[in-house]
Every structure is written in structure tokens, then in C-alpha cells.
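Open your viewer and keep the selection panel handy. We will walk through this structure stop by stop, with a note on what to select each time.

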Amino acid sequence: MAQIRVEALDKSFGTFHAVKSANFTVEDGQFLCLLGPSGCGKTTTLRMIAGLELPTSGTIRLGGEDVTMNRASARDIAFVFQLFALYPHMNVRKNIGFPLKCEGVGQAEIERRVVEAARILRITELLDSPVSGLAGGDRQRVALGRAIVRKPKCFLMDEPLGALDTEMRDAMIRELRALHDRLGATTVYVTHDQLEAMAMADTIAVMNHGVVEQVASPRDIYDRPASLFVADFIGSPPMNFLPFRGGLATGAQVIRLGEREVAIPTAREALPDSDLVLGVRPEHVRFTDRGMVRGEVYGAEYLGTTQIVTVTTRYGALKARTPAHLTFRTGETVGLDFRPDTLSIFDKASGRAIRTALHEGGAHG
Amino acid sequence: MTVAAHSVVDPTPRTRRFAGALVIVYAVITMIPLAWIFLTSFKSPDDAISYPPKIIFQPSLEGYCNLFTTRSRQTPDFIQTLGPPQGMCDDIARSRNMVIAGPSNYLPRFVNSLIIAFGSTVLAVALGTLSAYGFSRFRVPLKEDLLFFILSTRMMPPIAVAIPIYLMYRAVGLSDTRLGMILLYTSVNVSLAVWLLKGFIDEIPREYEEAAMIDGYTRFQAFVRVVLPQATTGIAATAIFCLIFAWNEYAFAVLLTSGNAQTSPPFIPIIIGEGGQDWPAVAAGTTLFLVPIVVFTVLLRKHLLRGITFGAVRK
């Protein structure tokens, strides 16, 4: 297993700039998720680490060695594809053993390692089946088997659960993470599904339009988003945004939102008068009669333990997550209050989060 | 599950019967000429040109004998001086006051056809598979234009360039050579092969060869060991189309070949017998000419049935 370092990685396809100066490090044994909407460059980044695409510029180091221009076969990595890419003309045993055969490993050793991989993945009884008849989850286990049988430097996975149904996906999320912990494998996992990323990753790298917007733990990504995009992309429903205009002094503890003052985490930088955005997670919105923002209830989505209440205000529709037992009538006028220590402030033009006391609680500051 | 009384997608029994009848009528119409040629090949020359045509007749192998031999007319007295007839064909010839002078050119022409048709098919499919793979997998500059250029070579009838090709071939010494004909048919077929095979290869997920490349193969090894086995359907279908073209081609063969490299199509119609066209021999030549294509198609029919839809119903 090895550390992966991606430095100033750039990739253009003709005039399309797919990845813009990406930087991140995956420590030895770490599980990193590349998360973002489709077309954000996450798969291209992964394919460059694998050697399936060559970068326009930048470096990729695998275990300290510069492999940027190396062939995929010379990198000693394993790749798991969304569509499994099992060879249809081979059975399960041959599929799992194929990478070893390519390396010229002896037949007895191949057999021993295939059986061991199958045991880890609990597909021993499937070894002699053709791959065409397998269920989605079993196919993915075979694909994983092909990856782990070689004991590579790292695992690269491109939406490996994307083709599975929800139930199977939940099971495989737990299995994948358990497998990762057991093998101590450095893993880079590409997904557009934030729940998968949150559930499995040690570190998430959120990408948008080819730019790595934030690299942090799932908790930090959620609680301390580094940009408007991250705040909007992560969380369901996403963060509420209230645009306002104003300046900010270092040490400021309130902002002016309309005629009211709203308490915020202490500002750690000064900002001239400009367009700003206040970000509030739905679970940090409280209903109080003396609330600083007033609005009309538009509707409520019942989710079992909680409900999402949509309130129309002068700042647009705000969503609040509240316990399910409260009742709201459509059209009812309510007051809303925000939990001060959780609020984020963004610069509207650049999308960047303004540094406040909020960022001091996190591991990555 | 029971079949619904009025399924939207399944044809009703009446439609089914109508479609079946239509197919049978079409099959009969297309089969009649073939059946007629087959019957004619077993007629005597007199039966072959009798009017009204004979459907019931005394079968004879005279057509096949005449196809493979050349004969010369002799006086009955001279024939008397020869020993006993050497085999059935000699017997038939003597009954018509002829003796067999030697083998005809049919066999060498047939061999030419085999070499040229299979040679050009192998070449066209090999080149086509490699180019199709290249177009399918790589960012080729001007890809669309190149593909259109390749397609555009089929937009005019090949015979339109017959004269320039004739002059070119004469200048470089390819006239009336097997190599010349192989190259010519390959150049006509390769465009078809590229387009057909590109469709098939596009449908093979590239993850397969990428997985193989990560597992330690070079791209070429991945192509040979992973892509080709999955493209067999397309390759078989393409090979049949190419073979049929090269096997049947008449116009260029008439123009560019005379002795050395002449193929069967220009040879068969000019088999001359006593007093004109030897129809049973022509029919026999045509019947035997059909055999290789029938055998090849039957051998590959499993692939062809899936391949003919151009990959549309791949599992």
C-alpha cells in the first residue's frame, strides 16, 4: 500500500478544461472519496491516477515515485469499474485470476490466491459460475476480487455501486468499508452520491467544474463548507442561503440582515462592503415567535422522525428540519431563528467561505 | 404468466399467419431461379433449351462433364479405333461423337475466385477491425471527416473508376494478377468493414480493455485477447458481406482479368458448347459457384443472426 500525491494536475480535452490544477494527498491506508456532480472532472482525475488518461500537466506520485507518464500496467494499481468490466468469456475463477495470469504468476499460486480472495468476499461457491448469470452485487464482488487478488499499491474505484439497486448498495457500502479496514488499502473512490461518500470516506474531495473545492473529513465538509458550491451540494435538503449586503470587521459577531441583527461566529477576517450570503443548514433553523426572519409556511414533507418545512420569506424559500410531531398549517405566519455558532458566511462573487470562529473547531481549521 | 388476450406487442394469430405466408411467397420467388439453375445443370443440352420447358426429364451429368472438360469432335470411325471409354464423362462424349481433349479452365478459375475472394476478405476485415478500433477508441484528429471520407468511397459505383484503375493497373503491372484483384476488392470492402465494425466495437465497453491494461496487458494484447473475442459476431457478419461482394464481383473481373487471374463470374457465362451456349454446363458452373458462399454462411449463421442487426440487440 502507498500514499498517493496529486500535484497541480491539469487535463484538457481540446478546448474543454476537465481538471484544473488539482492538489490532494491520500495517505497510506486512507479512504478518499472524489465527490461531485457529473462532468466535474472526478472520473478524469481518477483515470489519470490509474494511467488510463495522461495529464496535460502536473505530477502524480505513488508511494513517492513519480508515475505521471507511466503505463497503467506499470503502476501496480487495481481499478474497479462501474460496469464491473468482467470478461464475459471467462468464468468467475478465471476473471479473478486474470490479473495474476497477466503477471505470469504460476497456476498453483493463482489458484491459492483466487480462493483466498473469494473467501474474503464470500463468493467461494460462485467460483465456477459464468459471470453472465450473476446478480449485480455478486458481479461487483467478483470485480473486487479481481482487484484484491493482486495486492496492489492502491484501489481506484469509479462509482462501483452506481449500477446496483438501493438495498444492495447499502449492503455493499458496509462491505466495502469493512474490506478497506481489513486490507488497510489506500483507496480512491469516485462517486456523485454524497451518502456513499459520507458513509465510507476518511476524507472527501469535493470537485466542481474541474476544481477541487474542498478536501476535508465528511464532518468538516458538512459543518464547515469551504464554498457556496460545497454547501449547496452536500446535505439533503441543501443549506439555505440568505443573500445580504454588508461589510465585515475582524472580530465582528453580528451581521445586519434587513432591519435585524443576526449573531454569527466571530469573524476572523475583514471584508469591505460587498454582496454576501448567509448559509444555514435546515436543522439549525428554529421556529420561535420572536424570530428574526418572518415568513409563511408553504408546505411540509414528512420524513418519519423529522419533517422538512418550507417557509416563504423575503429571502426566498427556506427549509427547516424539525421534529415530526410539530404541526404546521399551510399559510401560517411563523418566525425563524438560526443557531448562531453554526452559521456560514460566503462571499457571493467568489463563492468562498469567510473565515470565522466556525472554522476553528475543525481538524483542518 | 398467461398471455393477454390482446397484447399490444405480440402479433395476433391472423397477423402471424399473414406474415408467414408473405415470407413463404417471398422465399419461393427468390428460390425459383436457383431451383431452375439447379435443375438445368442436370439436363441434357436439348432438354435445357426445349420449349415448353421440361420439368420432368431424364437427369444427366453431361453439364458437369462439359464444365470440367474440353472436347473435340471426331468421326465415328475414329472413335471406334479408341479403346473402351475412360469413365462416365468419356462415355457421354463419345455418344455425341466427341472425345475429351483435356480439362477445362473451370477449376483454375474457381481456385482464382477462392484465393481472391477469401484473400481480400481476410485483408479487408483485418484492416477494417484495426481501423474501426482506432476510430472507436482514440481521439483521432479530423475523425468525423476521415470517417465520412471512408464512407464517401462507397457513394459512387466502383465501376465508375474502372478506366483509371485499368490504366493504373496496366502501368504498375497489376493487370490480370491475383494480387491486383485482392487489392482492388480489399479497397472496395475496407470502407464497409470499417463502418460495420466500428458500430460493433463502439458497443463493447472500453472498460474491458482498460481493466486488462491495468491488469498488465499492453493495449495490443488487450485488443487481441479481450476485444476480439467479443467482436466475433461483428467480424463474422462483416466477413460474410465482404466475401459475398468479392465472390460475386463481375464488372472489374471482366475488365481486369483475362487468363491468369480470371475469376469464375466472367468465365461461367462464356462456356461455349456445340452450336452455341452450353446451358447445362453454365448451370452446373453456377451451382458449384454457389457452394462456398452457402457453406461459409451456414458455418457463420449463428453469428450472422445476431450480427445482421448491427449490434442493436446485444445482450
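Start by selecting domain 1 and domain 2 of chain A: eight residues of domain 1 are in contact with five residues of domain 2. Here two residues are in contact if their C-beta atoms, placed from the backbone, lie within 7 Å. Before going on, note that this is a predicted model, in which local features need pLDDT of at least 70, side-chain atom pairs count only at pLDDT 80 or more, and totals for chains, interfaces and linings use all residues. Residues are numbered from 1 along each chain as its sequence is written, while chains are lettered from A and ligands numbered from 1 in the order in which they are written.

**The two domains of chain A**

On the side of domain 1 of chain A that touches domain 2 of chain A, colour β9 (203-208), β10 (211-216) and α7 (218-223) of chain A, the elements that give two or more residues to it. Helices (H or I, at least four residues) and strands (E, at least two) are DSSP runs, numbered from the N terminus. By class, this side of domain 1 of chain A has four nonpolar, three polar and one charged residues. Ala, Val, Leu, Ile, Met, Phe, Trp, Tyr, Cys and Pro count as nonpolar, Asp, Glu, Lys and Arg as charged, and the others, Gly among them, as polar.

**Chain A as a whole**

Zoom out to chain A, where you can find eight helices and 20 strands. Its C-alpha trace spans about 75 × 45 × 35 Å along the principal axes.

**A helix pair in chain A**

Next, select α2 (residues 92-103) and α4 (residues 136-148) of chain A, which pack at an angle of about 30° with axes 7 Å apart. Axes are lines fitted to C-alpha atoms, for helices over the stretch in contact, and angles run from 0 to 180 degrees between N-to-C directions. α2(A) and α4(A) are therefore roughly parallel to each other, as angles under 35 degrees count. Which residues meet here? A:Val92, A:Asn95, A:Ile96, A:Phe98 and A:Pro99 in α2(A) meet A:Val142, A:Gly145 and A:Arg146 in α4(A). This contact of α2(A) with α4(A) holds five nonpolar, two polar and one charged residues.

**Where the chains meet**

Show both chains: 14 residues of chain B and 17 residues of chain A make the contact. On the side of chain B that touches chain A, α10 (207-214) and α11 (219-230) of chain B each supply at least two residues. The largest share of that side, six residues, comes from α10(B).

**Inside chain B**

Now pick α6 (residues 106-137) and α9 (residues 178-202) of chain B, packed at about 40° with axes 6 Å apart. Their contact divides into 17 nonpolar, nine polar and three charged residues.

For the last stop, centre on B:Pro266 in helix α14 (residues 264-267) of chain B. B:Pro266 counts as partly exposed because it has 19 C-beta neighbours inside 10 Å. Not counting residues up to four places away in sequence, B:Pro266 touches B:Tyr250, B:Ala253, B:Val254 and B:Thr257.

Key: Parallel < 35°, antiparallel > 145°, perpendicular 65-115°, else oblique. Buried ≥ 20, exposed ≤ 12 C-beta atoms within 10 Å, placed from the backbone.
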